Amino acid sequence: MDDLSTGSESDYSNTWISWFLSTKGNEYFAEVDEDYILDRFNLTGLNGEVVQEYARALNLITDNLDEESLSDDVREAVETSARFLYGLIHARYIVTSRGLSKMLEKYRKADFGRCPRVYCYSQPLLPVGLSDIPYQKAVKLYCPRCEDIYSPKSNRHGSIDGAYFGTTFPHMLFMVYPQMIPGKGQPVGSSSVADVNRSLVAGQQRGEGPSAVGSVSTAAVATKAERYEPRIFGFKVNEDAKLSRWRTARRNA
């Protein structure tokens with residue numbers, strides 16, 4: 001419990017949600033509207049996910065729980081369940097119009113960090129889960145420019161469950177706000193993909209073949225490399241699905 005405290009007494013003078021958001025390591029989370037939480041339809045099925053102290057955890061999140069009447073052990077169990085429940089609610093909330101708007105503001109301020117890749121030119125990142133099932137994968141950061149994912153720099157952020165953001169969020173945001181999709185243009189003086197392909201063809205014509213590490217061809221390694229596939233509610237994003245089929249056909253040719 002000590003690790004959750006920010007050390008400020010003012011954190012406890014407001015709502016539970018504001019305290020949770022001000023806690024170190026929770027900077028990725030948006031504030032879920034209380035009206036959304038109080039609508040039980042939005043919480044359908046979550047009582048099956050949060051099997052321990054669900055009712056008390058919900059009351060704690062909405063500031064309707066008398067914590068003074070609880071023992072230390074029970075209070076800690078309720079607090080743990082409340083953080084878990086809020087994360088699951090958060091994953092649902094951020095794909096709503098209101099939630100997307102709040103996350104868009106955080107994206108514009110680069111609250112989730114920037115892409116470490118040189119040719120992405122400090123492109124802001126977005127959190128994404130690799131699974132919608134809790135306790136499966138930690139949260140990753142998606143770059144819409146290079147369309148790859150990265151691990152958070154901070155260990156606090158790196159330990160956040162990816163299910164609290166889900167697999168759908170970043171791609172839903174760009175479908176709702178297509179003007180926020182960054183361009184894929186190459187800067188002046190840099191090598192384009194076509195230039196690289198021409199150099200490889202020229203090398204093969206000279207009998208050099210593809211570059212390799214030891215006896216393993218990098219082309220062969222590329223065909224087996226795991227690629228991140230954007231998904232919305234489990235389905236591949238249409239344009240990415242086309243690109244994936246094209247890549248597979250080219251590799252198998």
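At 57% relative accessibility, Asp 72 counts as exposed in this predicted model. Its side chain meets that of Arg 75 in a salt bridge, with an N to O distance of 2.8 Å. Arg 75 is partly exposed, at a relative accessible area of 24%. Both residues belong to helix α5. They stand three residues apart there, about one turn of the helix.

A further pair occurs in helix α5. Arg 83 and Glu 79 join their side chains in a salt bridge, at 3.8 Å from N to O. The pair counts as a salt bridge because the limit between nitrogen and carboxyl oxygen is 4 Å. Arg 83 and Glu 79 are four residues apart in the helix, so about one helical turn separates them. Glu 79 has a relative accessible area of 6%. Glu 79 is therefore buried, whereas Asp 72 is exposed.

Helix α5 spans residues 72-93 and also contains Ile 89. The relative accessible area of Ile 89 is 0%, so this residue is buried. In space, Ile 89 and Leu 43 are 7.0 Å apart, C-alpha to C-alpha. In sequence, 46 residues separate Ile 89 from Leu 43.

The salt bridges were then considered across the structure. The count comes to eight. Side chains of opposite charge can pair when their charged atoms come close. Elsewhere, Asp 33, Arg 98 and Lys 102 are linked in a network of salt bridges.

Glu 53 also has a backbone feature of interest. Its phi is near 55°, a positive value in a residue other than glycine. Glu 53 sits in the loop between α3, residues 46-49, and α4, residues 54-61. A positive phi is found at Glu 147 too, near 60°, and Glu 147 is likewise a residue other than glycine. The loop that holds Glu 147 runs between β2 (140-143) and β3 (148-150). Glu 147 counts as partly exposed, at 31% relative accessibility.

Which residues gather in a patch of negative charge on the surface? The patch comprises Glu 34, Asp 35, Asp 39, Asp 63, Asp 66, Glu 67 and Glu 68. One of these residues, Asp 35, is placed in helix α2, which covers residues 34-38. Asp 35 counts as exposed because its relative accessibility of 65% lies above the 50% limit.

A nonpolar patch also occurs on the surface. Val 118, Tyr 119 and Tyr 121 form this patch. Together, the three residues have about 350 Å² of accessible area. Tyr 119 lies in the loop between α6 (97-108) and β1 (126-128). At 47% relative accessibility, Tyr 119 is partly exposed.

How many disulfides does the structure hold? There are zero. Cys 143 is in no disulfide, and the nearest cysteine sulfur is that of Cys 146, at 3.6 Å. Cys 146 is likewise in no disulfide, and for this residue the nearest cysteine sulfur is that of Cys 143.

Cys 143 is buried, at 0% relative accessibility. Cys 146 has a relative accessible area of 24% and is partly exposed. The limit for buried is under 20%, so Cys 146 does not count as buried.

Terms used: Residues are numbered from 1 along each chain as its sequence is written. This is a predicted model: local features need pLDDT of at least 70, side-chain atom pairs count only at pLDDT 80 or more; totals for chains, interfaces and linings use all residues. Side-chain values use heavy atoms; hydrogens and water are left out. Patches are made of residues with over 30% relative accessible area and no salt bridge: like charges are joined within 9 Å, nonpolar side chains (Val, Leu, Ile, Met, Phe, Trp, Tyr) within 5 Å. Accessible areas come from the Shrake-Rupley method with a 1.4 Å probe; for residues, only the protein chains shown count as cover. Lys and Arg count as positive and Asp and Glu as negative; His and the chain ends are not counted. The place of a charge is taken as NZ of Lys, CZ of Arg, CG of Asp or CD of Glu. Helices (H or I, at least four residues) and strands (E, at least two) are DSSP runs, numbered from the N terminus. Buried means under 20% relative accessible area, exposed over 50%, partly exposed in between (1.4 Å probe, protein chains only). A disulfide is a pair of cysteine sulfur atoms within 2.5 Å.
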